[in-house]
Amino acid sequence: MRSVIRHAEWTLGPDTTPGASAPIHIMECTTCLDTSPPSDTRDEPEVWAIRHTARHHDHAGFRAVVTSFGRVTPAPGNPLYTQAPPR
């Protein structure tokens with residue numbers, strides 16, 4: 001048997017469950033579209049961008065791409081709230 005919950009409250013926030021990925025950072029050259037390797041911090045992509053410009057002097061514009069991960073969980077008052085995984 002399946003049950004349907006209508007008009008229940010939910011929340012959306014960062015995924016903090018065990019094993020969840022941290023945000024992923026990448027820098028993309030807006031001239032040639034080359035990209036840095038992905039990293040859990042901004043440091044490596046930013047160093048990559050500086051080195052890229054050092055090799056290609058006319059490539060000075062970059063796009064910072066950050067991918068973060070979210071999770072929807074039942075809010076207080078939702079019948080599934082007590083079954084929600086810890087955040």
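In the predicted model, one side of helix α1 carries the exposed residues D43, I50, R51 and A54. The buried residues of α1, by contrast, are P45, W48, A49 and H52, and because they cover an arc of only 100 degrees around the axis, they fall on the same side of the helix. An α-helix has 3.6 residues a turn, so residues three or four places apart point the same way. The buried residues of α1 pack against the strands β2 and β3, the latter spanning residues 62-67. The helix itself has 13 residues and reaches 19 Å from its first C-alpha to its last, which is close to the 18 Å expected at 1.5 Å a residue.

The helix belongs to a secondary structure that comes to 1 helix and 4 strands, and the order of these elements along the sequence follows the pattern β-β-α-β-β. Of the 87 residues of the protein, 21% count as buried, and the protein exposes about 6600 Å², of which carbon and sulfur atoms supply 55%. Among contacts between residues at least 6 apart in sequence, 57% join residues that are at least 24 apart.

The loop that leads from β2 (24-29) to α1 (43-55) contains S36.

A search of the whole structure finds 3 salt bridges. Side chains of opposite charge can pair when their charged atoms come close. In one of these salt bridges, D15 pairs with R71, the closest N and O atoms being 3.1 Å apart; this pair links distant parts of the chain, since D15 lies in the loop between β1 and β2 whereas R71 lies in strand β4, 56 residues apart. D15 counts as buried at 15% relative accessibility, while R71 is partly exposed, with a relative accessible area of 34%.

A further salt bridge is formed by R63 and E28, with the closest N and O atoms 2.3 Å apart, and this pair, too, links distant parts of the chain, R63 being in strand β3 and E28 in strand β2, 35 residues apart. R63 is partly exposed, with a relative accessible area of 40%, whereas E28, at 18% relative accessibility, counts as buried. E46 and R42 form another salt bridge, in which the closest N and O atoms are 2.9 Å apart; here E46 counts as partly exposed at 31% relative accessibility, and R42 is exposed, with a relative accessible area of 52%.

The loop between β3 and β4 holds F69, a residue that is partly exposed, with a relative accessible area of 36%. The C-alpha atoms of F69 and P14 are separated by 6.1 Å, although these residues are 55 residues apart along the chain. Not counting residues up to four places away in sequence, F69 touches G13, P14, D15, S21, A22 and I24, and D15 in this list is the residue that forms a salt bridge with R71.

On the surface, W10, L12 and V72 form a nonpolar patch, with about 350 Å² of accessible area together. L12 has its place in strand β1, which comprises residues 10-14, and is exposed, with a relative accessible area of 67%. In the segment after β4 (70-74) lies G77, which is likewise exposed, its relative accessible area being 74%. G77 and A8 are 69 residues apart in sequence, yet their C-alpha atoms are 7.5 Å apart in space.

Conventions. Residues numbered from 1 in each chain as written. Predicted model: local features only at pLDDT ≥ 70, side-chain atom pairs only at ≥ 80, totals over all residues. Heavy atoms only, no water. Helix = DSSP H or I, 4+ residues; strand = E, 2+ residues; numbered from the N terminus. Expected span 1.5 Å × (residues − 1). Buried < 20%, exposed > 50% of the residue type's maximum accessible area, 1.4 Å probe, protein only. Arc of directions from axis to C-beta. Contact = heavy atoms within 4.5 Å. Areas by Shrake-Rupley, 256 points an atom, 1.4 Å probe, with all protein chains shown as cover. Patch = residues over 30% accessible without salt bridge, like charges linked within 9 Å, V, L, I, M, F, W, Y side chains within 5 Å. Salt bridge = Lys/Arg side-chain N within 4 Å of Asp/Glu carboxyl O.
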